[in-house]
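User: Hi, could you walk me through this model in plain words? I would like to go from the overall picture to single residues.

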Amino acid sequence: MQIPTTSNASGAMSGILRLGAAAVFAAGLGAPAMAQGEIDKPECVAPAQPGGGFDLTCRIAQSGLEPHLSETIQVTFMPGGIGAVAFNLFNTTRTDDDSAIVAYSTGSLLNIATGKYGQFSEDDVRWVATAGADFGAVIVPADSPFESLTDVMNQLTEDPASVVVGAGGSIGSQDWMKAALLIREAGGTPQGMRYVALDGGGDAIAALMGGSIDVYTGDVGEMVPHMDAGTMRVLATMSNERLDDPFAEVPTAKELGYDVEWTIMRGFYMGGDVSDEAYNTWVDAFKAAYATEEFATLQAEKGLLPLNLAGDELTQAVTENMAKLREIATEAGLIQ
């Protein structure tokens, strides 16, 4: 199954989930110097429990935009349906909320494509900006008997039902797709996989640490603090090439002989009826942040690669990605 992917100039982001046009990865968006934007009580909604990838995405906005907005962004949490609750709220009662942006990922786009977010589509919201690019990862607790990805794959090959894989998404979600690709490489099928669906990365991490699941098919970006604390180990990344520190010593699945890649766009949207003035203030703030070394440093610290798109550039990239996701989801039987 050929799955589209993002890609950067160095090739580290080629493979799964190719967005298509390489031009959308131009880091220089002509960002103007700007005064602090006027947004009253700015808010970033992370549509899951604290601790996962959506939390990470909002923290980047909170820190990265602090010099470019008149007030510090407050992060709030809105779990439910891996983003479905937030997406529906911002398409109903908060369509004109000028102060709030909502975190999304490529997994959110997949959920829109497969109808998991209900009747609304990507055309019903306004796409603001990206926080960066993240990558799938195979993660175990520090005391796991699995010392390598090869150990996991051998066990999946020998007895798929003996490995409990969990992640922040239901069947057909982005995290499920990562696990499905792994078990396919082990010679099995998704139907034979023991998969536990959890509501976001925070819940998945808690389940991993609590022993409810053996392996978490999560994202590298959310792993930095856990690696620093020594509570988790990343057995492999799903990037095309090895990442920089703190993941430089972590092999890719591909180099270990498993043809599995997964690249994740992380970013923000707003309700479809927000004012142009407020929308452009948010877009301009992100463009100003992209032009600074501090934002690039922040992305690196959070385990992300630069993927700096805002306004029309992001809207075009989302439109292209959605078309390819619908094609792939249809091939996978997720869309009838």
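User: Of the contacts between residues at least 6 apart in sequence, how many join residues at least 24 apart?

Analyst: Among contacts in the chain between residues at least 6 apart in sequence, 77% join residues at least 24 apart, where contact means heavy atoms within 4.5 Å. Please keep in mind that this is a predicted model, in which local features need pLDDT of at least 70 and side-chain atom pairs count only at pLDDT 80 or more, while totals for chains, interfaces and linings use all residues. Residues are numbered from 1 along each chain as its sequence is written, and side-chain values use heavy atoms, with hydrogens and water left out.

User: And what does the secondary structure come to?

Analyst: The chain has ten helices and nine strands; these are DSSP runs numbered from the N terminus, with helices (H or I) of at least four residues and strands (E) of at least two.

User: How much of the chain counts as buried?

Analyst: Of the 336 residues, 58% count as buried, and buried means under 20% relative accessible area, with exposed over 50% and partly exposed in between (1.4 Å probe, protein chains only).

User: Which strand is largely enclosed, and why?

Analyst: That is β9, because nine of its nine residues are buried, so the strand is largely enclosed by the rest of the structure.

User: Which strands pair with β9, then?

Analyst: Strand β3 (residues 100–105) and β9 pair in the antiparallel sense over four bridges, and β4 and β9 also pair in the antiparallel sense, over nine bridges; two strands pair if DSSP finds at least two bridges between them. To find these places in the structure, look for Val102, which stands opposite Tyr269 in β9, and for Ala129, whose bridge partner in β9 is Phe268.

User: Which aromatic pair does Tyr269 form?

Analyst: A search of the whole structure finds seven aromatic pairs, where rings of Phe, Tyr and Trp (its six-membered ring) pair if their centres lie within 6.5 Å, and planes under 30 degrees apart count as stacked, over 60 as edge-to-face and the rest as tilted. One of them joins Phe87 and Tyr269, which is edge-to-face, at 5.5 Å centre to centre with 75° between the planes. This pair links distant parts of the chain, since Phe87 is in helix α2 (residues 84–89) and Tyr269 is in strand β9 (residues 263–271), 182 residues apart.

User: Are those two buried or exposed?

Analyst: Phe87 is buried, and Tyr269 is buried too. Ring pairs also link Phe87, Tyr104, Tyr117, Trp127 and Tyr269 into a cluster.

User: What lies around Val125?

Analyst: Val125 is in strand β4 (residues 125–141), and it counts as buried because its relative accessibility is 7%. Leaving out residues up to four places away in sequence, Val125 touches Phe87, Asn91, Tyr269, Met270, Gly271 and Gly272. The C-alpha atoms of Val125 and Tyr269 are separated by 6.5 Å, although these residues are 144 residues apart along the chain.

User: Switching topic: how do strands β5 and β6 pair?

Analyst: Strand β5 (residues 164–167) and strand β6 (residues 194–197) pair in the parallel sense over four bridges, and Gly166 stands opposite Val196 in β6. The chain crosses from β5 through helix α5 (residues 174–185) to β6, and this β-α-β crossover is right-handed, a word that applies if, with the strands pointing away from the viewer, the path from the first strand over the helix to the second runs clockwise.

User: What does Ala179 touch?

Analyst: Ala179 lies in helix α5 and, not counting residues up to four places away in sequence, touches Val165, Met193, Tyr195 and Thr217. Ala179 counts as buried because its relative accessibility is 3%.

User: Which other right-handed β-α-β unit could I look at?

Analyst: You could look at β1, helix α1 (residues 53–64) and β2, which make a right-handed β-α-β unit. Strand β1 (residues 43–46) and strand β2 (residues 74–77) pair in the parallel sense over four bridges, with Ala46 opposite Phe77 in β2.

User: Where is Leu65?

Analyst: Leu65 is in the loop between α1 and β2, and it is buried, with a relative accessible area of 1%. Apart from neighbours within four places in sequence, Leu65 is in contact with Ile60, Ile73, Trp282, Ala285, Phe286 and Ala289.
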